[in-house]
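Trainee: Could you walk me through this protein, one question at a time? I would like to learn how to read it.

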Amino acid sequence: MARGGSPSHPWWQTGVVYQVYPRSFQDTNGDGIGDFPGILSRLDHLVSLGVDALWISPIYPSPMADFGYDVSNYCSVHPIFGSLADFDRLVAAAHDRELKLILDFVPNHTSDQHSWFQESRSSRTNSKRDWYIWRDAKSDGSPPTNWLSEFGGSAWTWDEATGQFYYHAYLQEQPDLNWRNPEVQQIMPDVLRFWFERGVDGFRVDAIHHLFEDEQLRDNPVNKDWREGMSPSRRLTRTHTMDQPEVHEAIAAMRRVADTFPNRVMIGEAYLPVDRLVAYYGVDLTGFHLPFNFHLLSTPWQPTAVAALIEAYEAALPPGAWPNWVLGNHDRSRLASRLGLRQARVAAMLLLTLRGTPTIYQGEEIGMTDVPIPPERVQDPWERNVPGLGLGRDPERTPMQWEAGINAGFSATEPWLPIAPNASTVNVAAQAADPASILSLYRTLIRLRRAEPALSVGDYRSGRADENVLSYERHHGSRRILMALNMSGDAQSLTDIPASRVLVSTHLDRADECANGILFLRPDEGCVVVLE
């Protein structure tokens, strides 16, 4: 199936999304940090991989307290990445290659250096005071509520100059916008229009479930399931600081803006249970096109658990809603570190053959693993605020490994985070030359997905799920394709298979028929099988 979708399905349904973490993709100016010209120089890798869209993590001006998620200007770009002209060239180059480009949008909070917040904190009578969430201290001088920051400590910071606390769901350098203020509701859609008019094809909307807080400022209840070793912020359940009902009208307003531009997509980041996540599609699908489904990141890697997740998610989808799946991102331990390299190949087959839009995080296609970060090289503010709990996100944000040699081809100088010790062998150049590599597997699976409507837009049918094997089918017209995934380290078999032949194995070394109705699976092997 060609890029651009089909007559009955838009590109964001038939395509594959690839996440670029720009600081770590490709440096061209020798500062050890990735940039726009670097992304442009590597677009042909994405073309050869076969993906349809690149989603780029934040590129806005920022003090980088949280590496771009603290925005100081929504309608420009940070000089470390390049200029707006560089960005425009990147958009044009992507479109020339029939690649869509998706940006991050961070509507929940700004940087404390944003001019809006600087005005807001200048005095209690400033016209932008109510653009943020300011409250008086309790009678004893303590914060207005017991709410906790996601990155540790109180979610309220005292401002001495104006004698009030301001609220921040994340760092104190990231004050939350007050989305109950009509002026905030009016100005933020202009940000989307600015970038849509520059040719951006969509947005991934950050932390959308934090957009509103309880209007009555009620305390959050104690989390009875909290245990030592968990994030300190989880000592409380976020009943009154997350997933409030008002968020859905704000999402609908964003969607209305997107719908005034042709062929755009809105993707929402919300870590929520399935039954609450699907509400983010909106009434009559007027919300996000794709509320990100992160549940494969936390579901045990066991056939019955994964099968139960798929069934629950499919059953919960509103009529007409399009599913999506994620196995890795810049906030979670890398796939190959979580599952091991062998099962990472099986997971790739799962991701690229389930019904719905898949998202690949940069480096997953070559089996990159988490990189140990020496204490003196730690960058992530979460790790700095709550050290020793293993919450830091630096290990999965290390530079892309392009080739053997100095800094893995990422930069001519020392990168902002360490290069992986295995970069001399785990890199794009080495794997592109190896027909059995995990990169070759990703390319093969994406190519097959594009060629087979059953895999890109077909129906899902459940199959076997036991302690070792997960199987399911995809159907389109008379075409039936079976996926059989051995999620164990022992050989397995499926019986009573109709006349069939293997199209792809995760080992990339077979294309055989299933003799006598039996499909043999080697340890850690997945197969895509056409049923004839």
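This is a predicted model: local features need pLDDT of at least 70, side-chain atom pairs count only at pLDDT 80 or more; totals for chains, interfaces and linings use all residues.

**Reading the protein step by step**

Mentor: Residues are numbered from 1 along each chain as its sequence is written, and side-chain values use heavy atoms, leaving out hydrogens and water.

Trainee: What percentage of the residues of the protein count as buried?

Mentor: A residue is buried under 20% relative accessible area, exposed over 50% and partly exposed in between (1.4 Å probe, protein chains only). Of the 532 residues, the buried share is 61%.

Trainee: What is the radius of gyration of the protein?

Mentor: The radius is taken over C-alpha atoms, and the globule rule is 2.2 Å times the number of residues to the power 0.38. With 532 residues, a compact globule would be near 24 Å, and the protein agrees with this, having 24 Å.

Trainee: How many helices and strands are there in the protein?

Mentor: Both are DSSP runs numbered from the N terminus: helices are H or I with at least four residues, strands are E with at least two. Counting them in the protein gives 16 helices and 18 strands.

Trainee: Which are the edge strands of the open sheet with eight strands?

Mentor: Two strands pair if DSSP finds at least two bridges between them. The order of this sheet is 9-8-7-3-2-1-11-10, with parallel pairing. Inside this order, strand 3 (residues 100–105) and strand 7 (residues 202–205) share four bridges. Those that pair on one side only are strand 9 (290–291) and strand 10 (324–326).

Trainee: In what order do the strands of the open sheet with three strands lie?

Mentor: The pairing in this sheet is antiparallel. Its edge strands are strand 4 (134–135) and strand 5 (156–159). The order is 4-6-5.

Trainee: Which residue in strand 13 is the bridge partner of Arg 461?

Mentor: Strand 12 (residues 459–465) and strand 13 (residues 469–476) run antiparallel and are joined by five bridges. A hairpin of three residues connects strand 12 to strand 13. The bridge partner of Arg 461 is Glu 473.

Trainee: How many aromatic pairs does a search of the whole structure find?

Mentor: Rings of Phe, Tyr and Trp (its six-membered ring) pair if their centres lie within 6.5 Å; planes under 30 degrees apart count as stacked, over 60 as edge-to-face and the rest as tilted. Searching the whole structure gives 31.

Trainee: Why is the pair of Tyr 60 and Trp 195 given the type it has, and what is that type?

Mentor: The ring centres of Tyr 60 and Trp 195 are 5.9 Å apart. Their planes stand at 65°, so the pair is edge-to-face.

Trainee: How many residues apart in sequence are Phe 87 and Trp 195?

Mentor: Phe 87 and Trp 195 also form an edge-to-face pair, at 5.2 Å centre to centre and 80° between the planes. Phe 87 lies in helix 4 and Trp 195 in helix 6, so the pair ties together parts whose separation in residues is 108.
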